[in-house]
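My notes follow the order in which I looked things up.

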Amino acid sequence: MHAKLVKTHILTNIPIHIPTHIPNVFFLEEEGKTRLVTKNLTPNIQVYGEKLITVDGIEYRLWSHHRSKLAGMIEKGMNLPLKEDSRVLYLGAASGTTASHVSDIVAKGRVFAVEFSPRTMRDLIDVCSQRSNMVPVFADAGQPGSYKAIAGSVDVIYQDVAQPNQAGIALVNAREFLKEGGYLVMVIKARSVDSTVNPKRVYEQELDKLVEEFNLLDKKVLKPYHPDHLAVIAQQKQL
């Protein structure tokens, strides 16, 4: 995956809707369909083959809920606690597909994108090189001490990792980086935790671990976009 310059599709006189209060995220009405988009932080630069659309001089990037769990959360009406100046610790950034849209959202903030795979890290670095508010971090999300000097304190942790101890990873990172009263947005991947147990039971087990330190604000299973995935939004309990 390589960021590249492409021509943008120019449209006029089409409706644009803002979903709740999430900055730089919109729904466009195109060809009879409602499409989720983010305002492109880097105009004319395509990250992973997504369509670029310009409306009234503003360029947007198409964001598919089939490729991104975070997009699926927005499509399902979940109210993401992201502001334009938020500092976000993104655990499990992979090649940077969804992380680049988070970069669009927090245009005046910063995204610390943590990834452990050398192969996907190469793609992530390429994406970050085009975006001034993205910082690639080559590290294991389960070892937050190794990148403490890079990330510092953050407003939001977004976690999308395929490891068995997902709640544990979220908790150790929250203790290390999350500001008091900060937010956790995560996806619990039931089959990665335990493929032999009913997903509902896995969700309960992971949530039981989180509620010791977080207040649960919202949760939704991401069917039909991502089966056996539970999206969670929680706020750190204040002492």
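Predicted model: local features only at pLDDT ≥ 70, side-chain atom pairs only at ≥ 80, totals over all residues.

**Entry: β14 and β15.** With that criterion in hand, I looked up β14 and β15 and found that they run antiparallel and are joined by seven bridges. As an individual pair of residues I noted K220, whose bridge partner in β15 is A231.

**Entry: β13 and β15.** I then turned to β13 and β15, which are likewise antiparallel, with seven bridges joining them; here L184 has A234 of β15 as its bridge partner. I checked the burial of β15 as well, and since seven of its eight residues are buried, I wrote that β15 is largely enclosed by the rest of the structure.

**Entry: the whole sheet.** Which order do the seven strands of the open sheet take? I read it as β11-β10-β9-β12-β13-β15-β14, and the pairing is mixed. The edge strands, each of which pairs on one side only, are β11 (134–138) and β14 (214–221). From one strand to the next, I recorded a twist that averages 15°.

**Entry: β10 and β11.** For β10 (residues 110–115) and β11, I found parallel pairing over five bridges, and within it V114 has V137 of β11 as its bridge partner. Helix α2 (residues 97–105) packs on the sheet in this region, where it touches β9 (87–91), β10 and β11, and its direction makes about 175° with that of β9.

**Entry: burial of α2.** Is α2 mostly covered or mostly exposed? I found it mostly covered, with nine of its nine residues buried; among them are T97, H101, D104 and I105.

**Entry: α7 on the sheet and against α5.** I saw that α7 lies across β13 (178–189), β14 and β15 (229–236), and that it runs at about 170° to β13. I next looked at how helix α5 (residues 166–177) packs with helix α7 (residues 199–210), and noted an angle of about 20° with the axes 9 Å apart. Angles under 35 degrees count as roughly parallel, so I described α5 as roughly parallel to α7. The crossing of α5 past α7 is right-handed. On the α5 side the contact is made by Q166, A167, A170 and L171, and on the α7 side by E206, K209 and L210. By class, I listed the residues of this contact as four nonpolar, one polar and two charged.

Conventions:
Residues numbered from 1 in each chain as written. Heavy atoms only, no water. Axes fitted to C-alpha atoms, helices over the stretch in contact; angles between N-to-C directions. Helix = DSSP H or I, 4+ residues; strand = E, 2+ residues; numbered from the N terminus. Parallel < 35°, antiparallel > 145°, perpendicular 65-115°, else oblique. Left-handed = near helix turned anticlockwise from the far one by under 90°. Contact = heavy atoms within 4.5 Å. Nonpolar A, V, L, I, M, F, W, Y, C, P; charged D, E, K, R; others polar. Pairing = 2+ DSSP bridges. Buried < 20%, exposed > 50% of the residue type's maximum accessible area, 1.4 Å probe, protein only.
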